[in-house]
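Please walk through this model with the structure open beside the text, beginning at the start of the chain and ending at its open space.

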Amino acid sequence: GVTAVNGTASGFSIRSDELGRNPVVVVAKGERIAIGYGLESSLAALEEGSETLADSPAYGEAVAALGGTPIAAFVDGPAALKLASALVPPDEHGFQEAKPYLTKVDYLALGSEASDGLATAKLIVGVGK
């Protein structure tokens, strides 16, 4: 189910047996937006002293890799893998086979722009060593 989040931040949480023990939470406070797994971690990301996306070296690499194309979406590879590992059943053979390769993904960045009636989209996958 979907539940409203109110208090120091506004947003909503999505809870499902398929998501594991914590809900996926989307919250906003002032100029910050956080999407996280669990209310506590999502609210912590909204605190003024917490790291922002602009502080992340991976995000900086993603923006640079897109060149002049404006970034539209960013996924932190290790954080996404951690979330997927919590959500995917341990007996899911395909995921377990892919996991060693997925640990190499530092980030995914999506950017798009339009000019003279032509739209261009770029998907960049940053892969570590």
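Helices (H or I, at least four residues) and strands (E, at least two) are DSSP runs, numbered from the N terminus, and two strands are taken to pair if DSSP finds at least two bridges between them. The model is predicted, so that local features need pLDDT of at least 70 and side-chain atom pairs count only at pLDDT 80 or more, while totals for chains, interfaces and linings use all residues. Residues are numbered from 1 along each chain as its sequence is written, and side-chain values use heavy atoms, with hydrogens and water left out.

Strand β1 (residues 2-5) and β2 run antiparallel and are joined by four bridges; their hairpin has four residues between the strands, and G7 takes a positive phi near 130 degrees in it. On to the next strand: β2 also pairs with strand β3 (residues 24-29), again in the antiparallel sense, over five bridges, and G11 has V27 in β3 as its bridge partner. Strands of a sheet pair through backbone hydrogen bonds, either parallel or antiparallel.

S13 belongs to strand β2 (residues 10-14). Is S13 buried or exposed? S13 counts as buried because its relative accessibility is 12%, where buried means under 20% relative accessible area, exposed over 50% and partly exposed in between (1.4 Å probe, protein chains only). Leaving aside residues up to four places away in sequence, S13 touches G1, V2, T3, V5, P23, V24 and V25, contact meaning heavy atoms within 4.5 Å.

Ten bridges hold strand β6 (residues 105-115) and β7 in their antiparallel pairing, and V105 stands opposite V127 in β7.

How many aromatic pairs does a search of the whole structure find? The search finds two, counting rings of Phe, Tyr and Trp (its six-membered ring) whose centres lie within 6.5 Å, with planes under 30 degrees apart called stacked, over 60 edge-to-face and the rest tilted. Y59 and F74 form an edge-to-face pair, at 5.3 Å centre to centre and 85 degrees between the planes; this pair links distant parts of the chain, since Y59 is in helix α2 (residues 57-65) and F74 in strand β5, 15 residues apart. The rings of F74 and Y107 are stacked because their centres are 6.3 Å apart and their planes at 25 degrees. F74 lies in strand β5 and Y107 in strand β6, so this pair ties together parts that are 33 residues apart in sequence. Both F74 and Y107 are buried, and ring pairs link Y59, F74 and Y107 into a cluster.Finally, β4 (32-37), α1 (39-44), β5 and α3 each supply at least two residues of the lining of the largest pocket, a pocket being an open set of points on a 1 Å grid over the protein atoms alone where a 1.4 Å probe fits, with protein on both sides within 12 Å along at least five of seven lines, and lining residues having an atom within 4 Å of a point.
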